[in-house]
Structures are given as structure tokens and as C-alpha cells.
Amino acid sequence: LPSLGLSQLPNWRAGIGVNSPFALEPHYPTDSSISPILTSAALPLINIKPTLAYKLNDYLALGGGLDIYTFTGLIGEGQAAIQQIAAPGNAFGIPAGTRLEANGKDTALGFNVSLLWTPLRNQDDKPLINVGFVYRHGANLNLDGEFLAAGAKLADANTTIELPDVYTWAIAGWPIRNSAREWKIEVDVEYADWSDFEDLNLRLSNGATIPQRRNYGDAWIVMLGSEYKLLEPAILPDWNLAMRLGYVHSQTPVRSRTLDPANPDSAYNAVSGGIGFHCHGKGKFLGFIPCSGLGIKSMGMDLAYQAVMYQARGITNNQQPLLNGEWDTIFHVGAVSLQANF
């Protein structure tokens, strides 16, 4: 804030972030055995996060912010939706094979608070140990929308998604941190309490209710990461180079009894790797773009890859017998990010 002319607030920082916390969009063939249960689902939810932080002293800082959950047409159709194929003899008398859809959207408000403790610094006043804690309060999304058959509205519809409270503890240390090299190791432990998410019942304006039991539990997630950084090596004096590795182990809150194709979750292990290039001074980004000038102080690019390997899950007692069987999933995730510092 002082850089914006608010010199009377030297220890305050403000920021805003936007992310998509779930990125859920599975699709199944319309002629599959589970098409009467689900053919597709989408939750194009975004989280807008205005945040304030205050530095109490050189050792302790506090943070707080809002979590504004909403939907936008910039991602998908801008609403949550599930689709399925009508089964023979369904309760609504809809002809078998008809495409059914339920959709809805909402805006809900949550909040987060955090703490950062830095008990040890080096001679350059850079942290050697950081300890952090974050609490994120889950919000309730009361989705209002429509129930459609073959694209025609049959009734208004609403349901509720209860997002979890999330607690995160983290510690980071730098075994090496000097003017030439930095080596950082971090461990995060996260607890997500989904126990309030008991159902996703679809309530229709004609008085009918389509039951969708969920009965989620809780889940622990352990994350390990390391970054090794070379600062202005002799061969590239105006560059910082970084190499990164990560590992995640996550439990699942989804019980076998209520597992559904929209979120066929299981415990998983994920491994990741990445590299980063950051230039300043007389360096040239991509070989021809000056890294400083025209108000830009430095530029960078990061590349990353992650493999998310879900444990194969044999389901034998599901409330929907069509879903019994072996569920196995793997995700391959790639990322490229560009950075400019002003």
C-alpha cells in the first residue's frame, strides 16, 4: 500500500486472486451402462479472493480475506449442470432415452484467516524458516435453476452444495540461502471437513424431490515440495534458474456407498516437476525481449508437469448397483505461466 501513496500504512499489503477450486467436468458416452445415472457434469465455479495482510513485526504477520464463490460465462456455460438419459419406467413418465438436465447457479460468501511466523532469518534478512496456518470457512451454494427434458423446461429446481471448512498447516525451510543459491523444502498438511455435505437432493417446483445421497466424510492431504534456485550463475548473469519437485498424498471424503460418476474420487498420489526462468537487468526474455524497461523490472516463465494417480477402487455396495465395479483414474496435467514484475 505505501507504493500506492498510502505511506501511513507501511505494514499493510492488499491483493486479489481468482481461481477455479474444483474444475469438475466429467463426460461419459450416452450409450454407456451408467447413462441413466449420469452422462456429464460441470461445476464451473470460480473463487474471487480479496485479501489483506498486516505485518505485526519481523516475526509475525496476519492475513484475512473473503472467498466469493460464483459462476461466470467465461468458464463453460456459467452454471452447474448434470445430464443423464431417462431410464425406462422412470417416475416422471418421460420417454426412455430422453436427455435430462438439471442446472443452477448461485453466489456465496466465505472467508479465510491466516498466520505467518518467521522465527529465523539470514544476514540479508531473508526467511530461513516460515511456519504458516490458514483456515478457510466453507460456504453453502444454494443453486437455483431448471429441470429440463429434451431441452424443454419441466420445473424450476434447486439444490445445495455445502463446501468444506479447510485447515492448512505448513512449514518451509531453506537449508541453503545465500547470494548464489537457494534451496527450499516445504511440508503442508491439510484437513478438509466435508461431513456437512450429506446430500445433493434436487428439489423441484412441482413438489417432487430427486434424492441424491452423498454423506461425505473428511480427508487429510499431505504435500511435500522442494525448489533449488541458482541466482545469476556465471553462464547467465542476469537470470535466476529454478528446479522444482513435488509430491501429494490425498485421502478421499467420498464413501463407497455414495460414490457417483460426477466425482468418482479415491485416494491418490501425485508427483510433479518443473523448471523456472526469471530474467532481469540486461537479460533478454526469449532471446529478444528486454527483461527490464518500459516500467517492467523483470520477467519470467515457468513450466510444470504433474501426474495424479488415483488408487484403483473396487465398489461393491453402492446405492446405485450400476456403479459397482472397478474405478480407475489418472490425470496428466501440464502448466505454463508467464510473469512480469513492475
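1. A nonpolar core here is a set of buried Ala, Val, Leu, Ile, Met, Phe, Trp, Tyr and Cys residues joined through side-chain atoms within 4.5 Å. Buried means under 20% relative accessible area (1.4 Å probe, protein chains only). The largest such core has 27 residues. L45, L141 and I161 have the most contacts inside it. Strand 4 (60-71) and strand 9 (140-149) each supply at least two of its residues.

2. This is a predicted model: local features need pLDDT of at least 70, side-chain atom pairs count only at pLDDT 80 or more, and totals for chains, interfaces and linings use all residues. Residues are numbered from 1 along each chain as its sequence is written, and side-chain values use heavy atoms, with hydrogens and water left out.

3. Which residues does L141 touch, leaving aside those up to four places away in sequence? They are L45, Y69, D106, A108, T159, T160, I161 and L163. Contact means heavy atoms within 4.5 Å.

4. Apart from the core of 27 residues lies another, of 10 residues. Its members include A86, F147, A155 and L204.

5. The chain has 23 strands and 0 helices. Both are DSSP runs numbered from the N terminus: strands (E) of at least two residues, helices (H or I) of at least four. Among contacts between residues at least 6 apart in sequence, 63% join residues at least 24 apart.

6. Of the 342 residues, 39% count as buried. The C-alpha atoms fill a box of roughly 75 × 45 × 40 Å, taken along the principal axes.

How values were computed
Buried < 20%, exposed > 50% of the residue type's maximum accessible area, 1.4 Å probe, protein only.
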